[in-house]
Amino acid sequence: MIVTCVYVWVKPENVEDFIQATKINHENSIQEPENRRFDILQDPQDPTAFILYEAYASEAGAVAHKQTEHYLTWRKTVEPWMAKARQGIPYTVIAP
């Protein structure tokens, strides 16, 4: 299993729009055959800071996600709302 934590910083005026667009991406992503988890996390101390926790069964599944129409639409939609470039960091799962 491969996990990517995507760190996102959103302009304050776009937080609610970002949440709505990301929920749509989430709903579609969890339908992907290799998806194991797709969480949207918001920092309670800084509501403009988010982590997207994405888990896929394999590297191929993670790569396939980035080629889906819903992901490409999400990326294009939210790009102008970013306060700075998002950062995706892949992790190797130790447990479970």
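Select Thr4, Glu54, Tyr56, Ala62, His65 and Lys66, which line the largest cavity. The model on display is predicted. About 30 Å³ of space lies in this largest cavity, and the count of cavities of 30 Å³ or more comes to one. Colouring by element shows that strand 3 and helix 2 each supply at least two residues of the lining of the largest cavity. By class, that lining divides into two nonpolar, two polar and two charged residues.

Next, turn to the largest pocket, which holds about 220 Å³ of space. Its lining has 16 residues, and those closest to the pocket centre are Thr4, Val6, Glu54, Lys66 and Gly88. Strand 1 (2-10), strand 3 (49-56), helix 2 (59-65), helix 3 (69-78) and strand 4 (82-92) are the elements that give two or more residues to the lining of the largest pocket. The lining of the largest pocket comprises nine nonpolar, three polar and four charged residues.

Finally, select helix 1 (residues 15-29) together with helix 3. How do the axes of helix 1 and helix 3 cross? The two axes come within 9 Å and cross at roughly 170°, which means that helix 1 is roughly antiparallel to helix 3. To inspect the contact, show Phe18, Ala21, Thr22, Asn25, Asn28 and Ser29 in helix 1, which meet His70, Tyr71, Trp74, Thr77 and Val78 in helix 3. The residues of this contact of helix 1 with helix 3 divide into five nonpolar and six polar, with no charged residue.

Technical notes. Residues are numbered from 1 along each chain as its sequence is written. This is a predicted model: local features need pLDDT of at least 70, side-chain atom pairs count only at pLDDT 80 or more; totals for chains, interfaces and linings use all residues. Side-chain values use heavy atoms; hydrogens and water are left out. On a 1 Å grid over the protein atoms alone, a cavity is a set of points where a 1.4 Å probe fits but cannot get out, and a pocket is an open set with protein on both sides within 12 Å along at least five of seven lines; lining residues have an atom within 4 Å of a point. Grid points are joined across faces, edges and corners, and a volume is the space filled by probe spheres set on the points. Helices (H or I, at least four residues) and strands (E, at least two) are DSSP runs, numbered from the N terminus. Ala, Val, Leu, Ile, Met, Phe, Trp, Tyr, Cys and Pro count as nonpolar, Asp, Glu, Lys and Arg as charged, and the others, Gly among them, as polar. Axes are lines fitted to C-alpha atoms, for helices over the stretch in contact, and angles run from 0 to 180 degrees between N-to-C directions. Angles under 35 degrees count as roughly parallel, over 145 as roughly antiparallel, 65 to 115 as roughly perpendicular and the rest as oblique. Contact means heavy atoms within 4.5 Å.
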